[in-house]
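Please keep the sequence and the structure in view while reading.

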Amino acid sequence: VTIKIGGNFFFRIEGILDAVGQTNSKITFETNSAIPTKNDWIGIQIRPSGGSVINNDLSYASGTKIIYTVIKNASKGIYIYNTGAYITNTEFDNNNYGLEFRSTDNVVVDNCLFTNNNYGTYTEYESYSGDPTSQILNTYIQNSSFTANTIGNYFFLNQREFKNLNM
């Protein structure tokens, strides 16, 4: 499945996103532009009602899951606000920001590939579209690769607290 989006548009998840592809048949979210560039579309926004529950062993329990997916040519590939997420075997390619954490709790990023992004993972120091900054809790980035990004991981600590950040 390929979902093509362009311009000033985004996917806003206010429920549950179940994007589960296969090893050899991934779901792709990308630009509809004939000449793809970073920032061609806004990205996927996971909101408070669209999050995941993660088990103590870091396995998926319920809610949003993104598995065997490709996200490319977005301003913010995935933006997670005030919730958790389970993301595995996913590629973030040629985005401005691959993955932004904002006021999150229980985010698992496992076996993902971040390539050619300005920032692989990112946190912001100020409010964005009315979403205030807050604590970032219980974050696990494991078994993932960061290649040819301008900055692999950028965690800006101004006026926020990180608890249990595991890389």
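## Burial and overall form

A residue is called buried when its relative accessible area is under 20%. By that criterion, 49% of the 167 residues of the chain are buried. The model examined here is predicted.

The chain contains 18 strands and zero helices. Its radius of gyration is 14 Å, close to the 15 Å that the globule rule gives for 167 residues, so the chain is as compact as a globular protein of that length. Along the principal axes, the C-alpha atoms fill a box of roughly 40 × 30 × 30 Å. Among contacts with a separation of 6 or more, 63% join residues 24 or more positions apart.

## Nonpolar cores

In soluble globular proteins, nonpolar side chains tend to be buried together. Which residues touch the most other members of the largest nonpolar core? They are Ile44, Ile78, Ile87 and Leu99, in a core of 26 residues. Several strands each supply at least two residues of this core, including β5 (41-46), β9 (74-81), β10 (85-93) and β11 (97-102). Another core, of six residues, lies apart from it; among them are Ile54, Ile67, Tyr86 and Tyr140.

Leaving aside residues up to four places away in sequence, Ile87 touches Ile66, Ile78, Ile80, Phe92, Leu99, Val108, Val109, Asp110 and Cys112.

Conventions:
Residues are numbered from 1 along each chain as its sequence is written. This is a predicted model: local features need pLDDT of at least 70, side-chain atom pairs count only at pLDDT 80 or more; totals for chains, interfaces and linings use all residues. Side-chain values use heavy atoms; hydrogens and water are left out. Helices (H or I, at least four residues) and strands (E, at least two) are DSSP runs, numbered from the N terminus. The radius of gyration is taken over C-alpha atoms; the globule rule is 2.2 Å times the number of residues to the power 0.38. Buried means under 20% relative accessible area, exposed over 50%, partly exposed in between (1.4 Å probe, protein chains only). Contact means heavy atoms within 4.5 Å. A nonpolar core is a set of buried Ala, Val, Leu, Ile, Met, Phe, Trp, Tyr and Cys residues joined through side-chain atoms within 4.5 Å.
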